[in-house]
Amino acid sequence: MASRFNTFIRFSAVAALALVVFSAAPRAALAQAGVTLQDPRAEVDFGKTITFRAVLKSTLPIQQATLFFRSAQETVTHVETVLPAQDGAVSFTYDASLNLIPPFSEIEFWYQATLSDGQTYPSQTVKFFYTDNRFPWREATRANITARWYAQDDSFGAAALDVVAASMLAMQDFIPLSLDAPIYIYVYANPSDLQATLSLGGEGWVGGHATPQAGVALVAIPPNANPAEMQTKIPHELTHILLYRSLGEKYKNLPTWFLEGMASMMEQYANPDYAYALQSAAQKGTLLSFGDLCKSFPPDAGGAYLAYAQSQSFVTYISRTYGVSGLSRLINAYGDGLTCEMGATRALGTPLSQIESRWREDALGQNVAGVALRNLSPFFLLLALALLVPLWGTVDTFILRYRRKHAAAKSK
Ligand SMILES: [Zn+2]
């Protein structure tokens, strides 16, 4: 019994020793060969500075230390050399007024230290949000969508979330609704507060703004504004976020006119000024070609406004003519990286330029033949002249029909 007891004691002692050795081994290795952070934090003075602080802990002396940080929306990683104090404390202040970081984006940072063994070790990574902390944000959340505002009472937040719910209901046939990740809608009380944020983030003011990758929308809605403002701006920005969620990185392949046309079509309140801008441009012959709106919109306010008006009307026309299935084929074709012209051909069986002619006729009452003739390049005119003799009869009929229709249109 005693010997069995002794064996037990001995076995236990060996086991305990082994446990100590095994559990101590990784800890010793980590302590010797790594660097850890104590009390890491980032102090944000929005639009001005971000100060990164931490105490670097290592068992071997640190020879050199570096801070790395990047926002989720950036491909660039910022690299800064830091000088640890006696206790390992490091601090670096980043000038956020000169070096732009998207507002509300998530930023991650970590350190790397070269120790006296000559090896370089990374620390753990720490994340935080670059939140606009100039305002006392209030918030309300419904179904993973959070509205934040500062200028009004709680009924304002509830109204914003009601608009979100109504928008999603209207949107669900067109775009898959994904609420797995949170969505944040920041409502500024005036355009200049928002403008400051956007120019801090390197963007010009466009009435609203979305960082779809971050699930963040920014809008400016003044206190006591007409409800139409909310019904226009919130669904627009929400569309950008949900389209990104459904397409991922393919979102970037969508032509600008298509993206903005979709977002504008989802606005719950039809902007009456768009119709005026369209008619006026049609009469003056200053309509923009959608081929020129594939990559971007004109930088001037007037041109951009017309581009939004046209895109909304055009995408609405496509949706009405080719149905929701046509629209989703177009989303896929463009998402796959096809050009403006080819994407339309694959998805709708018609090149973009032809759909544009039909839209001009349908939405603006422009004569499609006239539009087609104007679109003819000098090369095609020469070709037409070469073929003139055998084709004369056909061309003649065509022109006659055009003239008759034109005259009829004028007399209306
Ligand atoms: Zn937009």
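**Entry 1. The model and its confidence**

I noted that residues are numbered from 1 along each chain as its sequence is written. I also noted that this is a predicted model, in which local features need a pLDDT of at least 70, side-chain atom pairs count only at pLDDT 80 or more, and totals for chains, interfaces and linings use all residues.

I looked up pLDDT, which is the predictor's confidence in each residue, from 0 to 100. The mean pLDDT of the protein is 82, and 79% of its residues reach 70 or more. I then found that the pLDDT is below 50 over residues 1-31. Beyond near neighbours in sequence, that stretch has one contact in the model; two residues are in contact if their C-beta atoms, placed from the backbone, lie within 7 Å. Over residues 377-381 the pLDDT is likewise below 50, and this stretch has one contact beyond near neighbours in sequence.

**Entry 2. The overall inventory**

I recorded 12 helices and 13 strands in the protein. Helices (H or I, at least four residues) and strands (E, at least two) are DSSP runs, numbered from the N terminus.

The protein has 412 residues, of which 30% count as buried. A residue is buried if 20 or more other C-beta atoms lie within 10 Å of its own, exposed if 12 or fewer, and partly exposed in between, with C-beta atoms placed from the backbone. Among contacts with a separation of 6 or more, 64% join residues 24 or more positions apart.

**Entry 3. Strand β6 and its partners**

Strand β3 (residues 62-71) pairs with strand β6 (residues 106-115) in the antiparallel sense, over nine bridges. Two strands pair if DSSP finds at least two bridges between them.

I then followed β6 to strand β8 (residues 126-129), to which four bridges join it in an antiparallel run. Here E106 stands opposite F129 of β8. Strand β7 (residues 120-122) is also antiparallel to β6, with three bridges between them. The bridge partner of Q112 in β7 is P122. The hairpin of β6 and β7 has four residues between the strands, and G118 in this hairpin takes a positive phi near 85°.

**Entry 4. The five-stranded sheet**

In what order do the five strands of the open sheet stand? I read the order as β9-β10-β11-β13-β12, with mixed pairing. β9 (138-142) and β12 (208-211) stand at the edges, and because each has a single partner strand, one side of each is left without a neighbour in the sheet. The twist averages 15° from one strand to the next.

At one end of this order I examined β12 and β13, which run antiparallel and are joined by four bridges. T211 has V216 of β13 as its bridge partner.

**Entry 5. I185 in strand β11**

Is I185 buried or exposed? I found it buried, because it has 27 C-beta neighbours inside 10 Å. I185 belongs to strand β11 (residues 183-188). Leaving out residues up to four places away in sequence, I185 touches I145, A147, A160, V164, A217, V219 and I234. I checked V219 in particular: I185 and V219 are 34 residues apart in sequence and 7.6 Å apart in space, C-alpha to C-alpha.

**Entry 6. Helices α4 and α5**

I looked up how α4 meets helix α5 (residues 256-265), and their axes come within 7 Å and cross at roughly 125°. Axes are lines fitted to C-alpha atoms, for helices over the stretch in contact, and angles run from 0 to 180 degrees between N-to-C directions. The two helices are therefore oblique to each other; angles under 35 degrees count as roughly parallel, over 145 as roughly antiparallel, 65 to 115 as roughly perpendicular and the rest as oblique.

The contact is made by H236, T239, H240 and L243 of α4 with M262, A263 and S264 of α5.

D39 is not a glycine, yet it has a positive phi of about 50°. D39 is found in strand β1 (residues 36-45), and it is exposed, with 8 other C-beta atoms within 10 Å.

N224, also not a glycine, has a positive phi of about 60°. N224 lies in the loop between β13 (216-220) and α4 (227-247). I recorded N224 as exposed, because it has 8 C-beta neighbours inside 10 Å.
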